[in-house]
Amino acid sequence: MERYGTGYLEERKLVKRWPQPIPAIVALVLTLAVFYATWWIFQDPRGWMRMYTPYVGYMYTRWWLIMLIWMVYIFNYWPFKRKWLEDTHPVVKGAVLTVISVVILWVLIKGFFESLLGNYGIAYFNPGNLLKLPGMTEFFALEYASLACLMFAAIASWLSPAWVVACEEVPWQNLNQPGKGISILVATFFLSTLIFFMTMHSHMGILYYPWQYFTSIAPPYWEKFANTVSGNFHVSWIMCCTVTVWIVETIWERFPFKLIRTNWLRRVVAFFGIIAIAWAMHLFLYFAQELTWGPAIRGTRLINAPDWRWLHVGEMAVFFLVPALFITFYCGNWPKRFSLPVNVLVRTLITISAAILLYIFYYKTSHDYLGTQKGFMHEQQFPMIPTIWLINIWLVHHWFMDNWPGWKMVPKTAEEIAADHAAEKAKLAEVRWDPALGWGLGAGAVCGVAIYFITLSVLPWVYQNITVIK
Amino acid sequence: MSEDKGKISRRNFFKGAAMGVLGGTALGMGLFSYSPWRKSYFPDVKRKLADIGACKSIKVTNISETSWFDNAVLMGDIKGAGGLLVNQYSYNWPPFGDGSGLGKGSYEKGIAKIKHLLPNNLEEAWAITEKLSVSPQNAGGFAALIEIEEMDGRKRKFLLDSGWSYKWMDESFKREGIDQMLKNKEIEALFISHEHFDHYWGVPVTYKYDPTITTYIPDGFYPEGLQYLQDAGHKGKVIKIKPGLNPMIPGLATFVFAVPIICRVYGEQAIYANVKDLGLVSITGCCHFGIIQFSETAFREIKYEKDNLYGIYGGLHISPFEDWDPKYDDLVLSLGKYGFQKIGCNHCTGLMCAKKFVEAGYPVVKGTARHRTKETNYLGNGDKIGYGIEV
């Protein structure tokens with residue numbers, strides 16, 4: 001039976017053409033070149049299409065990410081046959097699959113959101129319908145509609161991969177494509193819709209005068225807790241969920257959840273565990289901003305506004321995703337020499353350090369080459385656009401092009417696949433309860449709490465002593 | 001054998017420790033970061049209480065608050081040019097139109113067409129740029145006259161911004177007698193709030209009547225903006241103000257905020273006036289940093305009468321394009337806590353926002369809706385407002 005791309009990512013062997021770090025450097029240079037060229041063509045406010053309005057460009061960037069996830073993680077490259085995936089030149093494969101992802105993206109935005117939902121459901125998905133409001137300009141009609149679509153995308157970009165990574169595709173894991181893909185798509189899209197209404201709809205409802213009390217909850221229920229009526233509060237934790245899903249999937253190799261042997265329990269704990277970790281990140285990154293810039297003041301604009309601080313949590317979180325994906329895609333998930341928990345810890349520390357450096361580098365230099373302006377906060381500036389744009393290019397390169405040209409794709413033999421499974425089992429078996437593990441766990445937990453409080457003390461000093469923006 | 005056991009135990013200990021570190025850190029992050037206990041980490045606000053002196057009264061004349069006349073036209077241009085991050089000098093708006101069309105202009109090409117006519121022959125310069133620019137009829141501008149009465153009764157005048165359209169601003173200057181005041185050197189200085197088209201591009205109109213007037217600009221002007229000061233025919237002193245507080249005369253200070261602003265502009269300057277027995281009055285061009293931020297900054301930085309935030313005048317940059325966002329509601333809901341007693345808002349405050357202020361019961365001073373100002377919720381063109389003085 002045709003398997004399409006089911007298991008393709010696990011069953012492909014990427015053979016380096018040159019010793020490291022040459023392939024990683026080649027991949028980085030190549031993808032950055034593509035990033036900059038495409039940034040100029042599509043997004044840059046000085047460039048050709050200038051989609052960075054910002055919401056139009058932002059919406060397409062977010063939804064393109066989801067198209068890639070759908071094609072690879074949910075539909076397993078269906079309808080492309082396994083032989084085509086294995087035999088086609090990576091450049092041809094990359095071009096064909098990218099074009100298809102863009103076509104689906106266009107159909108989804110224009111067909112589903114704008115035409116179907118925007119004409120027969122909720123007016124704010126269709127700029128044409130928004131234009132009927134007195135005083136509404138074409139520019140903001142498009143921006144508002146794009147904002148609604150991209151808020152939906154934020155949720156979908158968490159739930160779509162979460163169903164695969166955490167829930168392991170249940171209950172459709174044994175179904176053939178496209179049945180499996182369609183089932184997961186419908187389920188995650190349904191859940192996304194539900195969460196959209198509970199988190200983002202009120203934000204859209206108070207965009208208009210008077211507040212739309214009868215169609216949305218206004219003021220929203222989170223107002224007192226979040227110190228804002230803005231939906232950015234939800235954008236924050238949902239973005240953290242997206243980032244956590246991918247960190248769990250890449251540098252954490254689904255650890256620690258995969259240590260749970262009972263299937264249903266592992267899936268439930270993984271799904272809600274990801275949310276719990278994301279919330280820890282969500283609250284900490286907000287606090288980190290309070291420690292550096294002072295407490296937020298409701299009603300202000302720019303850097304001191306709670307709504308922006310929440311949004312910036314999501315923006316900061318994406319900076320962690322960039323190095324995490326680079327380590328997995330181009331550095332073979334280095335290191336692998338220690339036990340699984342130690343490997344995970346080392347990779348996490350590398351990711352955190354790299355993310356901080358990337359954050360500083362971005363705010364120090366991005367205004368020189370992205371057509372944006374210097375400053376942490378600008379009303380129309382979203383670092384999530386360039387970071388996710390780069391991630392999209394990496395996903396295309398890694399998923400569609402097998403890391404060409406630094407690597408060559410060779411299908412694993414049955415023996416190699418069996419050996420992988422055995423190694424994985426051994427790795428899990430190695431982490432089992434033992435008094436030494438218990439002592440380590442306790443001592444580590446105390447150290448972890450201490451690290452947290454030390455970080456709190458150090459952060460204001462770091463901010464005082466490192467000038468990011470002159 | 002026992003050595004082997006030790007090795008295994010050590011390895012297991014590190015495995016556990018690695019898990020513990022990750023778990024412990026996450027636990028701390030999740031449980032403490034948004035708890036009330038976190039507030040113990042916030043330093044106490046230390047008020048600097050800088051003394052800027054006090055004045056007897058302050059009067060503001062709105063020369064023009066209508067920066068553009070048709071919002072749809074402006075937003076259509078912004079959309080066509082690529083959005084709110086596009087460099088304002090490339091829009092091909094007047095006076096820098098070069099005939100190449102929307103989003104394809106530049107300062108250099110635009111100014112070359114009119115430079116020889118600045119600042120004395122503005123009629124001809126505007127006639128040329130009208131033919132070469134996108135939407136020339138839509139240009140208006142923001143400018144205000146600030147009259148301050150010192151404690152000894154001496155009156156001093158300052159100009160805040162110089163608008164956009166040469167034609168509209170010249171008409172507005174004549175309507176309010178600003179042309180004569182400039183000619184007579186009654187106006188001491190021009191404060192440019194920021195580099196935006198609607199506040200700054202009409203600067204030759206001021207220089208037409210007083211080319212030597214001292215001009216204060218906020219730090220952060222782009223090279224085109226700095227060059228324009230010279231090309232506009234200015235012969236006086238230009239003082240670039242660094243971010244922070246800058247006392248000017250007793251009772252009057254400006255404050256520069258290093259903020260990135262739409263259409264590729266950076267930095268904005270606004271005014272604090274300390275009125276005897278009343279409190280602090282905030283006068284802003286656009287207030288991109290936000291009026292609450294401006295008030296909080298005043299609380300931290302300066303000493304003012306009765307520790308009272310008394311009045312506001314100007315654009316509050318809430319919904320300049322009649323757009324809306326829930327964060328603007330945060331402002332509407334919060335402003336009441338600051339206790340302002342006299343609010344004169346217009347320009348980029350947004351008509352919808354002014355309406356919400358009125359509905360919230362804030363003391364908004366109504367205008368007369370003359371000279372193309374659209375509604376009475378705005379303190380409109382030709383309207384005056386006084387703080388410590390009746391107008």
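Colleague: Which conventions apply here?

Modeller: This is a predicted model, in which local features need pLDDT of at least 70 and side-chain atom pairs count only at pLDDT 80 or more, while totals for chains, interfaces and linings use all residues. Residues are numbered from 1 along each chain as its sequence is written, chains are lettered from A and ligands numbered from 1 in the order in which they are written, and side-chain values use heavy atoms, with hydrogens and water left out.

Colleague: What are the domains of chain A, and how far apart do their C-alpha centres lie?

Modeller: Domain bounds come from an automatic or database domain assignment. For chain A the assignment gives domain 1 (8-432) and domain 2 (438-470), with C-alpha centres 27 Å apart. In chain B, domain 1 covers 2-41 and domain 2 covers 54-68 + 139-225 + 233-387. The C-alpha centres of those two domains of chain B lie 55 Å apart.

Colleague: How much area do domain 1 and domain 2 of chain A bury between them?

Modeller: Buried area is the accessible area (1.4 Å probe) that two parts lose on being put together, summed over both. Domain 1 and domain 2 of chain A bury about 1,100 Å² between them, 78% of it on carbon and sulfur atoms. On the domain 1 side of chain A, F284(A), L291(A) and T292(A) lose the most area to domain 2, together 40% of what that side buries. By contact (heavy atoms within 4.5 Å), 12 residues of domain 1 of chain A meet 10 residues of domain 2 of chain A.

Colleague: How many salt bridges and polar contacts are counted between these domains of chain A?

Modeller: A salt bridge needs a side-chain nitrogen of Lys or Arg within 4 Å of a carboxyl oxygen of Asp or Glu. Between domain 1 and domain 2 of chain A the count is 0 salt bridges. A polar contact is a pair of N or O atoms within 3.5 Å; within protein, one must be able to donate a hydrogen and the other to accept it, and residues adjacent in sequence count only if both atoms are side-chain atoms. Across this interface of chain A, 2 residue pairs are in polar contact (both at pLDDT 80 or more).

Colleague: Which helices supply the domain 1 side of chain A?

Modeller: Helices (H or I, at least four residues) and strands (E, at least two) are DSSP runs, numbered from the N terminus. Both α12 (263-293) and α14 (340-369) of chain A supply at least two residues of the side of domain 1 that touches domain 2. The largest share of that side, 6 residues, comes from α12(A).

Colleague: How do chain A and chain B meet?

Modeller: In this interface, 78 residues of chain A are in contact with 71 residues of chain B. The two chains bury about 6,600 Å² between them, 67% of it on carbon and sulfur atoms. Y209(A), R301(A) and Q373(A) supply 12% of the area that chain A buries against chain B, more than any other three residues. Between the chains the count is 4 salt bridges; E430(A) and R11(B) meet in a salt bridge at 2.7 Å, N to O. Polar contacts between chain A and chain B number 25 residue pairs (both at pLDDT 80 or more). Among the elements giving two or more residues to the chain A side is α17 (435-465), and α17(A) gives the largest share of that side, 16 residues.

Colleague: Is K356(B) buried or exposed?

Modeller: Buried means under 20% relative accessible area, exposed over 50%, and partly exposed in between (1.4 Å probe, protein chains only). K356(B) counts as buried because its relative accessible area is 8%. K356(B) sits in helix α12 (residues 351-359) of chain B. Leaving aside neighbours within four places in sequence, K356(B) is in contact with Y209(A), W211(A), W324(B), D329(B) and V332(B).

Colleague: Where is G135(A) found?

Modeller: G135(A) lies in the loop between α6 (127-130) and α7 of chain A. With a relative accessible area of 60%, G135(A) is exposed.
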